[in-house]
Amino acid sequence: MLLTIRLQVRSFLYGSLILVLSLEGCRHDISVKSEEMSAYLADYEVPVHKWGFLNQKGELIIKPVYDEVGFFNEGMAAVNSKGLWGFIDTNGKEIISPAFKSVWSFHENRARIQLFDHGEQFIDRKGYILKTTGWSASDDFSGGLARVKVGDTYGYIDSTGLMIIQPIFTRGWNFNEGICVVEYHEKQGVIDSKGAYILKPEFDWIKVAGDAKIILCRQANNSMAYDINGGKIASLDDCKMVDSDGKMISVRKNNFMYLFSISTYLPVTTYPFSNINYLESSLWAGKTTEGYIVLDSIGKPLTSIAYHQINKYSNGFAAYSKGDFWGYINMQGQETTKDVFGLAWDYKEGYARAAFKDGIAFIDAFQKLAFYPPAGALELRDFSGGLAPVQVQ
């Protein structure tokens with residue numbers, strides 16, 4: 001069965017309109033179409049090939065009747081019908097009727113949506129629009145809060161739409177483990193869920209790393225590491241801290257990188273790595289002149305085999321490329337496949353997409369073909385919530 005490899009990038013429009021009206025406890029009504037909506041639908045071209053969903057047995061359990069689909073998250077997936085977006089559940093039942101210009105996945109029982117006449121807002125699982133008081137949605141809910149925009153600045157609301165952290169920031173990111181990176185007048189800092197500064201905005205760059213166990217900061221060419229309470233745990237001059245697993249920090253100095261141990265306060269790698277990437281689960285990839293090799297939690301090579309690319313670990317495996325082909329390695333650095341795939345994707349929920357000679361299909365945890373794609377399948381996407389999008393001709 002021949003499948004066509006086709007990569008698509010979907011872009012969402014980020015509206016800048018700020019609402020001054022209150023929308024609460026109501027569903028969006030599309031019976032009265034705005035001028036913008038009418039013009040959009042008039043130009044919309046219905047695709048020939050439709051999307052549905054298959055389960056982990058390869059069964060097409062949600063019929064391919066949608067123009068486009070998103071991934072399942074919190075039991076719901078975004079679907080597009082005739083140009084408008086809504087949501088279905090894992091049984092294919094329509095939960096929120098297609099009525100929106102764009103939608104994002106549900107996070108913490110709220111989903112961002114873009115209206116044709118009121119910009120970006122939030123809806124609950126029944127499709128009711130969250131009350132707005134002068135803000136527009138800017139990012140998904142995380143840690144009970146969501147970033148919103150008021151004019152040219154950002155603040156954070158709770159799940160009821162109440163502004164908890166006032167919109168004084170020029171940029172902002174999502175909350176992770178109760179902390180969040182923000183920018184104030186071109187300098188970055190870290191706040192807690194009440195808006196209090198853990199680190200004042202005086203840094204050029206900040207990254208929350210190591211599953212939120214460590215905060216990496218830079219000022220000019222000097223680097224510092226802090227714990228999540230703002231206590232300094234390391235400081236290095238004339239270098240750049242790049243990433244961390246909470247125990248080691250990858251550091252760039254001049255044209256080379258090394259791993260720095262937080263506990264011993266000393267470098268632990270002796271190889272002349274030109275780059276070091278964090279692979280998750282306290283494993284790293286160090287780049288030598290031959291390519292990337294896998295490093296263990298203390299920076300020692302697990303194998304001497306060099307790869308052109310190593311992806312991050314997911315479900316216990318990392319996809320690698322060597323020459324013109326791809327394969328997988330386990331967390332001991334051992335190759336679990338030969339270089340057999342034309343392309344390999346990361347594992348999601350125990351399955352990964354891989355390109356065989358005759359097309360793309362899913363493989364299981366043993367890197368064996370899990371099932372044949374449905375007849376007429378053109379494109380497959382990763383599993384999420386137990387289901388995977390599939391486009392059928």
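Set aside the neighbours within four places in sequence, and Asp 382 is in contact (heavy atoms within 4.5 Å) with Phe 71, Asp 346, Lys 348, Arg 353, Phe 362, Leu 387, Ala 388 and Pro 389. The model is a predicted one: local features need pLDDT of at least 70, side-chain atom pairs count only at pLDDT 80 or more, and totals for chains, interfaces and linings use all residues. Residues are numbered from 1 along each chain as its sequence is written, and side-chain values use heavy atoms, with hydrogens and water left out.

**Asp 382**

Where does Asp 382 lie? It is in the loop between strand 34 (377-380) and strand 35 (388-392). Strands here are DSSP runs of E with at least two residues, numbered from the N terminus. Asp 382 counts as buried because its relative accessibility is 12%. Buried means under 20% relative accessible area, exposed means over 50%, and partly exposed lies in between (1.4 Å probe, protein chains only). The side chains of Asp 382 and Arg 353 are joined by a polar contact of 2.8 Å. Such a contact is a pair of N or O atoms within 3.5 Å; within protein, one must be able to donate a hydrogen and the other to accept it, and residues adjacent in sequence count only if both atoms are side-chain atoms.

**The core**

The largest nonpolar core has 14 residues. A core of this kind is a set of buried Ala, Val, Leu, Ile, Met, Phe, Trp, Tyr and Cys residues joined through side-chain atoms within 4.5 Å. Phe 87, Ile 96, Phe 100, Val 103, Phe 106, Ile 113 and Ile 123 have the most contacts inside the core. At least two core residues come from each of strand 4 (76-81), strand 5 (84-89), strand 6 (94-100), strand 7 (102-107) and strand 8 (110-115). Beyond its neighbours within four places in sequence, Ile 113 touches several residues, including Phe 100, Val 103, Trp 104 and Ile 123.

**Positive phi**

Most residues other than glycine have a negative phi. Glu 108 has a positive phi, although it is not a glycine. Ser 281, also not a glycine, has a positive phi too.

| Residue | Phi | Loop | Relative accessibility |
|---|---|---|---|
| Glu 108 | about 55° | between strand 7 and strand 8 | 35% |

Buried, partly exposed or exposed: which is Glu 108? Glu 108 counts as partly exposed because its relative accessibility is 35%.

Technical notes
Helices (H or I, at least four residues) and strands (E, at least two) are DSSP runs, numbered from the N terminus.
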